[in-house]
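Subject: Structure handover

Hello,

Here is the structure you asked to look at. My notes on it follow below.

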Amino acid sequence: MIKHNYCTIIESEEKKKRGQVLNYEKFTIQDLTPFPLYGILARMIKPLQIANRSFPNNIILGPLAGISTTPYRLLAWEYSKPAFSYSEMISASALVRNSRQTQKRYLDRSPNEGPVCFQLVGSIPKELAEATKIVADSGADLIDFNCGCSVPKIHNNGCGSALLKDRVKLYNILNTIRKNTTLPFLVKIRVAINDDKTNEEVAKVITDAGADCVVVHGRNWGETFNTPCRLEAIKFFVGLMKIPVIGNGDVKCIDSLKNMFATGCNGAMISRACVGQPWLIGKLIADINQQSCILPTSQEIGEIFISHIKQLAKLLENERMAVLQARKLAKSYARTIPNRKDFSNQINICDDLPAFTSLCRNYFL
Ligand SMILES: Cc1cc2nc3c(=O)[nH]c(=O)nc-3n(C[C@H](O)[C@H](O)[C@H](O)COP(=O)(O)O)c2cc1C
């Protein structure tokens, strides 16, 4: 008899009354029979093992620079319980320079959140060695090295996706990180298009350097989000690699999740679609497992947004910066309110926390 750990949703009557969303509890089932109808779909959500760590499900909250701070991750954990969550990318150079601001924001981690994968970005092995130790000492559960970022200030600096072109340098860096941590070590990459040789070489370097898992964002470094995620390229890596492959790109609903899992990947990462809806991963897991899931009311979404920004103000020790961040998040949180454009316009001219709070309470009814 196979034993599997699953996450399920326990909806207490009290929570239902208050219209709150999800509350999870881990439990053990003896086999896969609870999901006979959704056979194939249900088997998509399964435990994930990366090196010596096991996770009860295989959906990961992806990294978003400027967004994936502790308050954001805490909300995702409260409402979704992803396998683990990513930090924002952290510059190894800034970290080893010991900038207090960098350390405070990027190394923050709450005891109340689930497992966190700290993501490093850089190109100098000595700095990355030191940065690896710093994030491990700060409570990282996993460490990822960013080889996917295509933003010009990163790419043109020889970091992120630029490293995929220089496989010798890439090997040296990955090998250095590997030697400096026993934590599960992931590498997040983009793909080469119609160039199996490059993809094979990248896969070999990652394996030879001893990484435990690869996250494949199915786009090329030169492509924008207008180009659909290349699922066939993710499938190619799945076929090549012995370590777990996590597929990433354009997952936002059951259908896109199903398409991602059709590549054979061991797990799926969701980044943009979780912004403003921290319950998304929980809802997808619940839907697949044919469990009911109560979504927050509009009023509750407003309160979630307020709580996010208040926590951010505390973390940044700067209310104004948090409200500026709220401007970027407003459209995402306001997805379901009828006058979302109006709301976003108002938030764009609001610059203190009390005004932000009352705007939310006026619009999320
Ligand atoms: C605003 C923004 C910030 C991002 N920051 C990071 C980052 O810090 N590290 C990283 O590896 N990818 C970053 N990404 C890429 C995403 O994690 C993800 O790979 C990409 O958005 C595709 O997945 P999605 O369709 O689920 O969003 C970022 C993307 C966006 C739009």
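Which residues point one way from β9, and which point the other way? F185, V187 and I189 are on one side, L186 and K188 are on the other, and all are buried. Please keep in mind throughout that this is a predicted model.

Strand β8 (residues 142–147) pairs with β9 in the parallel sense over 5 bridges. Within that pairing, D144 has L186 as its bridge partner in β9. β9 also pairs with strand β10 (residues 213–217), again in the parallel sense, over 4 bridges. There the bridge partner of I189 is V216 in β10.

Next, the core. The largest nonpolar core has 106 residues, and L120, I143, L174, V214 and A268 are those with the most contacts inside it. Helix α13 (residues 298–316) gives the most to this core, with 7 residues. Domain 1 (30–288) and domain 2 (298–363) both contribute residues, so the core lies between them. In soluble globular proteins, nonpolar side chains tend to be buried together.

Helix α12 (residues 280–288) is mostly covered, with 8 of its 9 residues buried. The buried ones are L280, I281, G282, K283, L284, I285, A286 and I288. Just after α12, Q290 takes a positive phi of about 55°.

D250 has a phi near 65° and is not a glycine; D250 sits in the loop between β11 (245–248) and α11 (254–261). E317, also not a glycine, has a phi near 50° and is found in the loop between α13 and α14 (319–333).

Are these two buried or exposed? D250 counts as buried because it has 21 C-beta neighbours inside 10 Å, where the cut-off for buried is 20 or more. E317 has 11 such neighbours inside 10 Å and therefore counts as exposed, the cut-off there being 12 or fewer.

Last, the ligand. There are 20 residues around it, and P63, A65, M89, S271 and R272 come nearest. The shell divides into 8 nonpolar, 8 polar and 4 charged residues.

Regards

Definitions and conventions: Residues are numbered from 1 along each chain as its sequence is written. This is a predicted model: local features need pLDDT of at least 70, side-chain atom pairs count only at pLDDT 80 or more; totals for chains, interfaces and linings use all residues. A residue is near a molecule or strand if its C-beta atom, placed from the backbone, lies within 6 Å of it. Ala, Val, Leu, Ile, Met, Phe, Trp, Tyr, Cys and Pro count as nonpolar, Asp, Glu, Lys and Arg as charged, and the others, Gly among them, as polar. A nonpolar core is a set of buried Ala, Val, Leu, Ile, Met, Phe, Trp, Tyr and Cys residues joined through C-beta atoms within 7 Å. Helices (H or I, at least four residues) and strands (E, at least two) are DSSP runs, numbered from the N terminus. Domain bounds come from an automatic or database domain assignment. Two strands pair if DSSP finds at least two bridges between them.
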